Amino acid sequence: MTDLRSDTFTKPTAGMLEAMFKAEVGDDVFGEDPTVNQLEAITSGLFGMEAALFCVSGTMANQIAIKCHTKPGDEVICDRLSHVYIYEGGGIAFNSSSQVRPLNGDRGRITAEQIVEAINPDEVYKARTSLVCLENTTNRGGGSCYNFADIQNIKEVCLKNNLNLHLDGARLFNALIAKAETPIQYGEIFDSISICLSKGLGAPVGSVLLGKKDYIKQARRIRKVLGGGLRQAGYLAAAGIYALENHVSRLQTDHDHAKQLAMTLSKKDFVSKIMPVETNILIFEVKDKFTPQSFVDHLQKLDVRCLPISSTQVRMITHLDVTKDMIQKLIAIIETM
């Protein structure tokens with residue numbers, strides 16, 4: 001089965017399993033799991049940030065981050081397609097008692113000018129704007145990447161208006177590879193960053209939240225309140241360390257595979273629109289003889305899984321477990337459709 005529904009479907013490699021098996025562990029709630037401590041030190045050092053916190057998921061890392069940056073009644077600015085807005089169960093309202101100002105950006109990317117217009121005046125009848133959240137790459141934007149100069153412009157707006165800036169970097173390493181950027185660049189800009197280990201990097205579980213020491217100390221308390229205090233979590237952290245050391249540079253292969261599929265689909269008359277492919281996410285519209293569901297059903301009969309995400313759109317995501325042979329087989333299938 002070729003599973004293109006998400007890059008969350010990756011399974012640990014043999015080398016990763018060996019690293020997990022050999023991990024030295026302790027009780028992380030007591031701060032005594034050496035492998036968790038090592039993962040947190042590696043990631044904070046990689047981004048040049050002061051501290052890090054291992055979390056069970058990207059959603060937990062994002063929600064902790066937002067709660068640390070806001071007070072009840074605040075307003076959070078993000079794109080209308082942002083994961084923190086549409087895919088985290090209303091967590092901003094539930095966990096932080098804050099509301100969202102969703103902006104209509106370009107494939108999930110908002111601009112400094114849009115943010116300036118969205119900041120509320122300091123009036124008692126308005127919510128206090130306190131946080132801007134960006135997502136890079138953008139999931140519903142087809143894996144699109146921010147230009148770093150645009151992020152720098154957004155940071156200037158945040159500094160001038162006393163706003164914190166958080167990055168949902170669930171697929172940040174995909175963006176870094178695609179744009180030839182470095183983690184340090186991002187660590188210098190953002191007040192907090194969440195990075196996911198269980199998508200393109202191939203770990204089974206986990207994300208890491210990065211920030212200043214006092215911020216991460218507060219985040220650790222919130223993680224405990226949310227039930228995220230883990231015990232012998234080093235087995236999971238070991239997978240994350242292995243992923244960072246072995247699976248980052250290979251992300252370009254996933255990007256290449258997505259572009260190959262897009263090229264094949266672009267030649268079919270039942271495909272009406274394909275979002276620009278920058279990384280490992282491919283979103284396209286089908287028409288005429290296919291609906292998204294019938295297209296997905298047809299491929300599933302041929303041992304290929306993908307995902308209908310709207311009344312017109314299908315999504316495919318390439319990843320560690322999708323081989324060159326699988327891509328060539330799927331290209332042959334599409335060519336006969």
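**Salt bridges across the chain**

I began with Asp28, which forms a salt bridge with Arg223, the closest N and O atoms being 3.2 Å apart. The two residues come from distant parts of the chain, 195 residues apart: Asp28 sits in the loop between helix 1 (14-21) and helix 2 (34-47), and Arg223 belongs to helix 10 (residues 213-225). I checked the cover as well, and both Asp28 and Arg223 are buried. A reminder to myself: this is a predicted model.

Next I looked up Asp74, whose side chain meets that of Arg128 in a salt bridge, 2.6 Å from N to O. Since Asp74 lies in strand 3 and Arg128 in strand 5, the pair ties together parts that are 54 residues apart in sequence. Is Asp74 buried or exposed? I found Asp74 at 3% relative accessibility, so Asp74 counts as buried. Arg128 has a relative accessible area of 42% and is therefore partly exposed.

Arg107 has a relative accessible area of 19%, and the cut-off for buried is under 20%, so Arg107 counts as buried.

For the tally, I searched the whole structure and found 13 salt bridges.

How many of the eight residues in strand 5 are buried? I got seven for strand 5, which covers residues 128-135.

Then I followed the pairing. Strand 3 (residues 74-79) runs parallel to strand 5, and four bridges join them. I picked out Glu75, whose bridge partner in strand 5 is Thr129. Strand 6 (residues 164-169) also runs parallel to strand 5, with five bridges between them. There I saw Leu131 standing opposite Asn164 of strand 6.

Last entry: I traced the path from strand 5 through helix 7 (residues 148-160) to strand 6, and the three make a right-handed β-α-β unit.

How values were computed:
Residues are numbered from 1 along each chain as its sequence is written. This is a predicted model: local features need pLDDT of at least 70, side-chain atom pairs count only at pLDDT 80 or more; totals for chains, interfaces and linings use all residues. Side-chain values use heavy atoms; hydrogens and water are left out. Buried means under 20% relative accessible area, exposed over 50%, partly exposed in between (1.4 Å probe, protein chains only). Two strands pair if DSSP finds at least two bridges between them. A crossover is right-handed if, with the strands pointing away from the viewer, the path from the first strand over the helix to the second runs clockwise. A salt bridge is a side-chain nitrogen of Lys or Arg within 4 Å of a carboxyl oxygen of Asp or Glu.
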